[in-house]
Structure formats: structure tokens, C-alpha cells
Amino acid sequence: MGETIFSKIIEREIPADIVYENDLVMAFRDINPQGPVHILIVPKEEIPTVKEIDGKKHAELLGAMFDAANEIAEKEGIAKEGFRLVFNCCDKGGQEVYHLHMHLIGGRQMMWPPG
Ligand code: 5GP
């Protein structure tokens with residue numbers, strides 16, 4: 001049973017524009033996009049933040065998230081020009097939803113430093 005809005009999307013209790021899914025991850029369009037392409041890549045396993053990631057335990061899951069990012073970027077037509085992948089962590093990192101997710105943002109020129 002889900003505890004965050006993303007768990008409810010994974011359980012299909014609330015709607016989302018889902019663009020990718022397999023046994024380990026789901027990806028859907030961000031409701032408040034920060035670029036022409038803004039997709040959230042979310043593990044089905046409930047991991048609150050990057051702080052709970054164990055490199056060995058979650059190796060397959062992390063690989064699946066990056067495979068999803070590359071596949072989606074290709075499908076969205078932004079692989080060649082480039083894109084940004086972001087994990088926000090906790091309060092100062094700007095995290096709003098405490099279910100691990102990777103932002104895939106592209107379709108425009110990214111700036112550095114980020115806000
Ligand atoms: P965070 O700030 O936690 O890194 O990112 C959370 C993201 O989830 C934000 O970009 C926000 O726009 C998005 N978001 C929040 N609620 C929903 C929702 O109900 N549906 C979708 N598709 N995205 C959401």
C-alpha cells in the first residue's frame with residue numbers, strides 16, 4: 001500500500017501520463033514540467049530518499065532507472081542533444097515527494113548553477 005502520491009500512481013489509484021514501465025520502475029510526465037520534456041523515473045520499491053540507497057543492494061534497481069532514462073530520452077528525441085538527470089534529496093535539496101525519483105529534463109538549454 002502506498003504512502004506517497006507516487007505510490008498511488010504506481011498502484012494506479014490516481015492517474016498519470018505513464019511513458020515507461022517494467023517490473024522495477026515506472027516513469028510518468030511531471031505534472032509541473034520544467035522543460036519541454038520532464039519525466040519522473042520512479043522505482044516501484046518504496047525508498048524515501050537517496051540516503052537510503054545501498055549501492056550493492058540497489059544495483060539492479062539503479063541500473064534499471066538509468067536504462068529507463070536513456071530509453072525514454074531516445075524515444076522523446078532528446079538523447080542526441082542532451083538532457084539533465086536530477087535527484088533532489090531532503091529539505092535543502094528541494095525534495096517534495098519522499099519516494100525516490102529521478103527527474104529527466106530536456107528539450108531546452110539547461111543552465112548552471114541550478115537555482
Ligand atoms: P521533488 O521536488 O520531490 O524532487 O519532485 C517532485 C516532483 O513531482 C515535482 O516536480 C512535482 O511537480 C511532481 N509531482 C508532484 N505531484 C505530482 C502528481 O500528482 N503527478 C505528477 N505527475 N507529478 C507530480
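A polar contact is taken here as a pair of N or O atoms within 3.5 Å; within protein, one atom must be able to donate a hydrogen and the other to accept it, and residues adjacent in sequence count only if both atoms are side-chain atoms. The structure is a predicted model, in which local features need pLDDT of at least 70 and side-chain atom pairs count only at pLDDT 80 or more, while totals for chains, interfaces and linings use all residues. Residues are numbered from 1 along each chain as its sequence is written, and side-chain values use heavy atoms, with hydrogens and water left out.

Q95 lies in the loop between α3 (90–93) and β5 (102–106); helices (H or I, at least four residues) and strands (E, at least two) are DSSP runs numbered from the N terminus. The side chain of Q95 reaches the backbone oxygen of P48 at 3.0 Å and the backbone nitrogen of C90 at 2.8 Å. Q95 counts as buried because its relative accessibility is 8% (buried, under 20% relative accessible area; exposed, over 50%; partly exposed, in between; 1.4 Å probe, protein chains only).

S7 belongs to helix α1 (residues 5–10). With a relative accessibility of 3%, S7 is likewise classed as buried. The side chain of S7 makes a polar contact of 3.3 Å with the side chain of E46.

The elements giving two or more residues to the shell around the ligand are α1 and β2 (25–29), and α1 gives the most, with three residues.

Of the 16 residues around the ligand, D30, N88, E96, H101 and H103 come nearest (a residue is near if one of its heavy atoms lies within 4 Å). The shell comprises seven nonpolar, six polar and three charged residues, where Ala, Val, Leu, Ile, Met, Phe, Trp, Tyr, Cys and Pro count as nonpolar, Asp, Glu, Lys and Arg as charged, and the others, Gly among them, as polar.

A backbone N or O atom of R29 lies 2.9 Å from a nitrogen atom of the ligand, and one of I31 lies 3.3 Å from a ligand nitrogen atom. An N or O atom in the side chain of N88 is 2.8 Å from an oxygen atom of the ligand. Taken alone, the ligand exposes 520 Å², of which the protein buries 85% (Shrake-Rupley method, 1.4 Å probe; for residues, only the protein chains shown count as cover).
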